[in-house]
Amino acid sequence: MNRTQRNLAYQAAALLLVFGAVALVVATASANLADRGIELGTEFLGDRAGFTLSESWLPYSPEDSNLWAIAAGIVNTLVISLFVAFFATFIGTGLGILRLSENALAKSFARSWVEIARNSPPILLLLFLYSFLGQVLPVADVVEPIQGVYLSLRGLAIPALDLQGMGWSVTGGVLLTLIGIGSVAKATASRQRETGLCPPWVKWAIAASALLWLLIIVLLLAPSASVELPKANGPDIVGGFILSPEFFTLITGLTFYTSGFVAEIVRTGLQSVTRGQWEAAYALGLSRGRTLRLVVIPQMLRVIIPPMTSQYINIVKNSTLVIAIGYADFMVVTGTVINKTSHAIEGTVIIIAVYLAINLSLSALMNQVNRRVQQGVG
Amino acid sequence: MQKLSSDAPGWNAVRSLVGSPFNAVLTVIFAVILFLALPPFLTWAVFDAAVFPAVPETCRTAAGACWSFIVAKHSQILFGIYPFDERWRPLLVCTLLIGLLVYSIRPSAWRARLAGFWIVALMLSWGLMRGGFAGLASVSTDNWGGLPVTLLLTVVAIGIGFPTGILLALARRSDLPVIRLLSTLFIELTRALPLLSILFIASIMLPLLVPEDLLPDKFSRAVIALTMFASAYLAEVVRGGLQALPKGQAEAAQALGLSYWQCQLKVILPQAIAVVIPALTNTIIVMIKNTSLVLVIGLFDLISSGKAALADPEWSSPSVEVYLFITAIYFTLCFGFSRFADRLEQRAKGPSHE
């Protein structure tokens, strides 16, 4: 038997093995399903969910369908991940810079934070923080530390801005403004690269049009918007925006954990830009700010972006840990749906598909960013 | 930036704190943070804390931390519901596993006999925990708990996951398209899913997918899920090492007439693994932390045994203290392990860096 034949034989054997395992699994699964009288299908998604969610960013009630419950779970997962990614990036960057500071006190503060964060299981951080909150929050009553702000076992209630259903148009308006500013800035930048000219009025024009936009939005909304104050109703709080202890715990805990890793990434990135780069930029007459912006940060980002991508994906994965404190994320909701309807196979497919979709789009997005950074554009 | 350092170490410390206006501001900020955070914490954890005698009454009168609970219940938290008189056995197992783990990260220990040590240690651990011979009382896996479960899960998952990971890494770089595809599919799928969902899927899907006679118990299900997870991550670490090697190494080995496996085992892998030791220790630390998640599928690890201890109605349920205690155990394991690995790495590099 020659080499090619042997290679073919190996691959055929591997395929046979996998197919055999899959066939065995499928046979057992269909026998088991038949035994328990479960039929594969997606109808269960349309059925009434019938369970409550501890919290939901989408409007949800037990009367809604299983599909809507799962969607609410996905939105919860995404919201947690966004918050954690935002805070962890900022705090982690700060810590990473502090770790290289000359100041012994600041350095050891950052060092202890990073070591504790990186060497503790995140689920324990959540449990610890949650039981800590359970002990410090006022038990049977509502406290009002500042006028209009309430604190109770249910969380922190602050006045909410009630936009009378205009929330979506505001979000849309702000997004449009940002996109507009972005495209003008991009056009100007590419014009500057081609012609070497940057009309000084462009910055002002962008700022003025953005302000104008915001003014229009505010003027449109002002008549209908109102502030909704929370009110204490016995041991309960009615109205306002309530920050629950669960949400606070999971944002704080996961941010603390992730910031330790971000700090190390930022520190490595900073150290990767050698002193000679700074000196060369100064020798060219660049100011400290421009040196940072034009020389140091672009080189640093090259080192930072790939590991940051895996940190962002880790945040999405770690958001599943909120199960420990009973927050309804995507995993919890889907698990409940599976337990209620016993559609384990379909549920598993949904779990795999959703995490794959989130993580693949996240890495596609970050790869896009990475490509720009590696080319030195931007 | 370029100040010449004077020789007095005390002077350096002073200058690092107030050497420039910016540093002085930083010092003030962090001094304020310390001043606000440290005294209340110390009051709670030390001055007002209840320690001895370790009975519920001590905690009722104290305003601070209830360490008496930890003192009274430490053996239940560490060893779960393992029979009280037999607890020297899990203690011995923990000592054995931690000792061997520390011994194994030294590259000088990497001989063929290390694998033998591990197999003997694991069999010994299993035998000691399970009992039922030589006069040892038999203890079923349902009664195992706490730290030995955490350590056994970590060690078994890495022990099986590492060789599997090496095979997966080689398969992913193989010339055979089918093998490469299968391995890539497995690695990417496993890495895209949170460990918790893998544990969850393993616990709900296995009873459906596997014939009843072959169905593993809860402990083995956790081991399977953790091993899958570990092997996918270790495979990527090893692949990093394989990619770092110049192509000439494989070509030279081939030119010498070595077969594929001889080439991998004698030339490529020893060098590739040496390159990725730091990444390997990181993955091992991640795995130690990850075992804490088996709590979710109802396995009796450290957190679950801590929760079980908290359920005692005699005590005022000092959960903060218990979670702090368990976090401290994990921290000691992970931090100690990473420090030790760092030191080895520094020594391997030689003293001249930085």
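Modeller: The residue to start from is B:A222, which sits in helix α10 of chain B, the helix that covers residues 218-244. This is a predicted model, so what follows describes a prediction. Is B:A222 buried or exposed? The cut-off for a buried residue is 20 or more other C-beta atoms within 10 Å of its own. B:A222 has 26 C-beta neighbours inside 10 Å, and therefore counts as buried. Leaving aside residues up to four places away in sequence, B:A222 touches B:L153, B:L199, B:V294, B:I297 and B:L299. Another pair gives a sense of reach along the chain: B:A222 and B:P39 are 183 residues apart in sequence, and their C-alpha atoms are separated by 43 Å.

Chain B as a whole comes next. Chain B contains 15 helices and zero strands. Of its 354 residues, 34% count as buried, B:A222 being one of the buried residues. Among contacts in chain B between residues at least 6 apart in sequence, 67% join residues at least 24 apart. The chain is divided into domain 1, residues 9-47, and domain 2, residues 85-349. Taken over C-alpha atoms, the centres of these two domains of chain B are separated by 40 Å.

From there the account moves to the partner chain. On the chain B side, 42 residues are in contact with 44 residues of chain A. Which elements of chain B give two or more residues to the side that touches chain A? They are α1 (9-18), α2 (21-47), α8 (177-192), α9 (195-209) and α15 (319-349). The largest share of that side comes from α15(B), with 11 residues. By residue type, the side of chain B that touches chain A divides into 32 nonpolar, nine polar and one charged.

One helix pair across the two chains can be described in detail. Two packed helices are described by the angle between their axes and the distance between the axes. Helix α10 of chain A, residues 330-341, packs with α9(B) at an angle of about 10 degrees, and the axes are 12 Å apart. Angles under 35 degrees count as roughly parallel, so α10(A) and α9(B) are roughly parallel to each other. From α10(A), the residues A:M331, A:G335 and A:I338 meet B:L196, B:S197, B:F200 and B:I204 of α9(B). The residues of this contact divide into five nonpolar, two polar and no charged. B:L199, one of the residues touched by B:A222, falls within the span 195-209 of α9.

Chain A has its own make-up, with 11 helices and eight strands. Buried residues make up 28% of its 378 residues. Among contacts in chain A between residues at least 6 apart in sequence, 69% join residues at least 24 apart. Chain A is divided into domain 1 (3-37), domain 2 (46-159 + 237-375) and domain 3 (160-228). The C-alpha centres of domain 1 of chain A and domain 2 of chain A lie 40 Å apart.

Residues 67-100 of chain A are 97% helix and 0% strand, with the end C-alpha atoms 49 Å apart. Residues 344-365 of chain A are 100% helix and 0% strand, and the end C-alpha atoms of that span lie 31 Å apart.

A:E115 is partly exposed, with 16 other C-beta atoms within 10 Å. A:R111 counts as partly exposed with 14 C-beta neighbours inside 10 Å. For A:R111 and A:I352, 241 residues apart along the chain, the C-alpha separation is 37 Å.

How values were computed: Residues are numbered from 1 along each chain as its sequence is written. Chains are lettered from A and ligands numbered from 1 in the order in which they are written. This is a predicted model: local features need pLDDT of at least 70, side-chain atom pairs count only at pLDDT 80 or more; totals for chains, interfaces and linings use all residues. Domain bounds come from an automatic or database domain assignment. Two residues are in contact if their C-beta atoms, placed from the backbone, lie within 7 Å. Helices (H or I, at least four residues) and strands (E, at least two) are DSSP runs, numbered from the N terminus. Ala, Val, Leu, Ile, Met, Phe, Trp, Tyr, Cys and Pro count as nonpolar, Asp, Glu, Lys and Arg as charged, and the others, Gly among them, as polar. Axes are lines fitted to C-alpha atoms, for helices over the stretch in contact, and angles run from 0 to 180 degrees between N-to-C directions. Angles under 35 degrees count as roughly parallel, over 145 as roughly antiparallel, 65 to 115 as roughly perpendicular and the rest as oblique. A residue is buried if 20 or more other C-beta atoms lie within 10 Å of its own, exposed if 12 or fewer, and partly exposed in between; C-beta atoms are placed from the backbone.
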